[in-house]
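Today I looked up salt bridges. My notes follow the structure.

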Amino acid sequence: MTKLTDKIEWQNLLNNVSQVKNSSLRELFKDSQRAEKFTVKNDNLKLYIDYSKNIITDESMKLLIDLAKSCDVNSYAKKMFTGEKINWTENRPVLHTAIRNRSNAPVYVDGVDVMPQINAVFAKMKDFTEKLRSGERVGATGLKIADVVNIGIGGSDLGPKMVCEALQFYADGPKLHFVSNVDGADIDETIKQLDPATTLFIVASKTFTTQETLTNANTAKNWIVDKFGTESVAKHFIALSTNKTAVEEFGIDSNNMFEFWDFVGGRYSLWSAIGMPIACLVGFDKFEELLAGAHEMDKHFLNEPYETNIPVKLALLDIWYNNFFGYETHAVFPYSYYLSKLPSYLQQADMESNGKSTNRDGEKVDYQTGSIIWGEPGTNGQHSFYQLVHQGTKIIPADFIGLVNPPKKVGDHHEKLMANFFAQTEALAFGLTHDEVIDTEEGLISYKTFDGNRPTNSILIDELTPYTLGVLIAMYEHKIFTEGVIWGLDSFDQWGVQLGKVLAGRILPELSGDKNSMHDSSTNALIREYNSKHKK
């Protein structure tokens, strides 16, 4: 395959960026049609995307689209949707799109339609959550379940936790709690506020061997067993896993094991049985609405031309800044309390997917890949780090996400929130010149000027519902996928997290004094210092 940086499309972009890089957004906006040209509105998706406040021209966008076409983004998308094994390092298909396939059209893996097994798990989830929410499914003492604790980590935690927070306005089921950190404080601080008689634990681990998850699960199990005996485990635990043997050995009835598959990566799994906490909180019907929104975005991504394809456009803009401007970070600023955990969720989704340096030919890349993703909800961030964003030496492209209509109207709060949203993107784009600074001493003028030219995307959602949340999450998934295709990466493996796990397994016995340290001098010294002071 032609090396990415040798492609004529890449070279054309290098030439273009040299012409555009020093452009002023003030100058670019002298084109009265600019906002209209660089906006995508889609009523089916209930989205309005304004990317006009980016340092791009018509020619820049054309050349970026040429790059996407030369890398066969649409062809790879079709391979993903039809079950080809595009996760080549693990020889697996990538089918989170099949899980939310509301059309129920067949999707084949090795000649077998996977839709019947997906539908069977969903039917089982619906039955369980309806019984739990109605009070038919009770704990060991016969009391209705009031609290559900999800024990998982990574994709088994971040996705459902983000969605449950986003949809808390719709919550009408048991109260949800999430435990992920192997630090004992996480599980301890959670369960000490709960009644064991009315608490259900969801243990989310595909292999049922994840160290952090199983450590927390066993602590929770001991808490329940101490109160009600060993047989009570079956009443207070369910599993989201594929390892029936390990689940049963733990004490969970295999009838309360909800399956998902190798073709679903952890960070793409909230649509599967991993979404059980969501269905417990808001009901299975609203969980299906979430799937429907994602499915609508799937159709858009697969069928829409590059010129109006929202995930493709956002991906190309990220590549534009990462690879041609040298801007290494990308911020996500949701102007919604309910979307507070979206930046944390996208950190894993993006950085675990595209934080790679080896391409599909097994060669080290000679260009930047995954951006550093971070963010905080507005307006909190304005009183925290926006100083650097506006006047610092680093340029940070950002997505601003807002709701046209909030779930609930509270006085004029929403108008003030959105006034800040619009003001921030305007200020970042156009800044404040020396001549525009007023009412200040001459010596302070330079401190009060703003360079502007800080790129942003404005993403407006009609209102926050399960459907539009599904649209938003799937939009970012496909943005990440598009970048991975162009960079020639396997966006669906995560070998980079393995080495630390292996070394931790070797070190653990040394912290109880069972082995001698056999590491570098720094690690040996750290272990000795810890062991000399740790209270057994």
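I started with the total: the structure holds 24 salt bridges. I note that this is a predicted model.

**Entry: Lys37 and Asp58.** I looked up this pair next. The two side chains meet in a salt bridge, N to O, at 3.0 Å. Lys37 lies in helix H3 (residues 34-37) and Asp58 in helix H4 (residues 58-70), so the bridge ties together parts 21 residues apart in sequence. Lys37 has 37% relative accessibility and counts as partly exposed. Asp58, at 45%, is partly exposed as well.

**Entry: Lys161 and Asp157.** I found a salt bridge between these side chains, with N to O at 3.1 Å. Both residues lie in helix H8 (residues 155-166). They sit 4 residues apart, about one turn of the helix.

**Entry: Glu165 and Lys341.** I looked up the salt bridge of Glu165 with Lys341. Its closest N and O atoms are 2.8 Å apart. This pair links distant parts of the chain, 176 residues apart. Glu165 is in helix H8. Lys341 is in the loop between strand E10 (329-335) and helix H16 (342-354). Glu165 is buried, with a relative accessible area of 19%. Lys341 is partly exposed at 29%.

Conventions. Residues numbered from 1 in each chain as written. Predicted model: local features only at pLDDT ≥ 70, side-chain atom pairs only at ≥ 80, totals over all residues. Heavy atoms only, no water. Salt bridge = Lys/Arg side-chain N within 4 Å of Asp/Glu carboxyl O. Helix = DSSP H or I, 4+ residues; strand = E, 2+ residues; numbered from the N terminus. Buried < 20%, exposed > 50% of the residue type's maximum accessible area, 1.4 Å probe, protein only.
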